[in-house]
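I opened this notebook to record what I looked up in one structure, entry by entry. The sequence and the coordinates come before my notes.

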Amino acid sequence: EEGSLEADNNSSSNLVLDSAWGRVGLNNLGNTCFLNSAMQCMMHVAPLTRYFLSDRYSVDINTHNILGTGGKVAKAYSAVLRELWMGSHQY
């Protein structure tokens, strides 16, 4: 079904989201339209979204890299994605 993030048969994820979820927009605050466009594109890449919503990303975070953020960006993206995609339907 178009708009669904249902996992395909080749995926190890069993995360299936309602097709109406994720159909939200972002308010532009000043000159944020480019960021909003990028976020909308990223959040509709089904494999990437399943990866973050299933929390599988957390095992791939490198917390020992002194030049990195300790996973802050990945965790923030996951939180925003979860709120935008699932809103009050989080589990």
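**Entry 1: a buried methionine.** I began with Met43, which is buried at a relative accessible area of 1%, where buried means under 20% relative accessible area, exposed over 50% and partly exposed in between, taken with a 1.4 Å probe and protein chains only. Met43 is found in helix H1, and by helix I mean a DSSP run of H or I with at least four residues, while a strand is a run of E with at least two, both numbered from the N terminus.

**Entry 2: what I am looking at.** I note that this is a predicted model, in which local features need pLDDT of at least 70 and side-chain atom pairs count only at pLDDT 80 or more, whereas totals for chains, interfaces and linings use all residues. Residues are numbered from 1 along each chain as its sequence is written, and side-chain values use heavy atoms, with hydrogens and water left out.

**Entry 3: the whole chain.** I counted three helices and zero strands in the protein chain, and read along the sequence they give the pattern α-α-α. Of the 91 residues in the chain, 30% are buried. I also looked up contacts, meaning heavy atoms within 4.5 Å: among those in the chain with a separation of 6 or more, 53% join residues 24 or more positions apart.

Entry 4: Which residues of H1 are buried? I found Asn36, Met39 and Met43, and they lie on the same side of H1 because they cover an arc of only 65° around the axis, the arc being that of the directions from the helix axis to the C-beta atoms. On the face turned away from this buried side I found the exposed residues Phe34 and Cys41. The cover over the buried residues of H1 includes H2 and H3.

**Entry 5: H1 against H3.** H1 and H3 pack at an angle of about 80°, with their axes 11 Å apart; axes are lines fitted to C-alpha atoms, for helices over the stretch in contact, and angles run from 0 to 180 degrees between N-to-C directions. That angle makes H1 roughly perpendicular to H3, since angles of 65 to 115 degrees count as roughly perpendicular, those under 35 as roughly parallel, those over 145 as roughly antiparallel and the rest as oblique. On the H1 side the contact is made by Met39, Met42 and Met43, and on the H3 side by Tyr77, Val80, Leu81, Leu84 and Trp85.

**Entry 6: H2 against H3.** Helix H2, residues 46-53, packs on helix H3, residues 72-86, at an angle of about 105°, with the axes 9 Å apart. This makes H2 roughly perpendicular to H3. H2 brings Leu48, Thr49, Phe52 and Leu53 to the contact, and the residues from H3 include Tyr77, Ser78 and Arg82. I sorted the residues of this contact into eight nonpolar, two polar and one charged.

**Entry 7: the core.** I then looked up the largest nonpolar core, which has 12 residues, among them Met39, Met43, Phe52, Tyr77 and Trp85; such a core is a set of buried Ala, Val, Leu, Ile, Met, Phe, Trp, Tyr and Cys residues joined through side-chain atoms within 4.5 Å. The elements that give two or more residues to this core are H1, H2 and H3, and H3 gives the largest share, six residues. In soluble globular proteins, nonpolar side chains tend to be buried together. Leaving aside neighbours within four places in sequence, Tyr77 is in contact with Met39, Met42, Met43, Leu48 and Phe52.

Entry 8: Is Ser78 buried or exposed? With a relative accessible area of 3%, Ser78 is buried, and it is found in helix H3. Not counting residues up to four places away in sequence, Ser78 touches Phe52, Asp55 and Tyr57. The C-alpha atoms of Met43 and Ser78 are separated by 9.9 Å, although these residues are 35 residues apart along the chain. Asp55 is in the loop between H2 and H3 and counts as partly exposed at 40% relative accessibility. Asp55 has a positive phi of about 65° although it is not a glycine. Most residues other than glycine have a negative phi.

Notes: Ala, Val, Leu, Ile, Met, Phe, Trp, Tyr, Cys and Pro count as nonpolar, Asp, Glu, Lys and Arg as charged, and the others, Gly among them, as polar.
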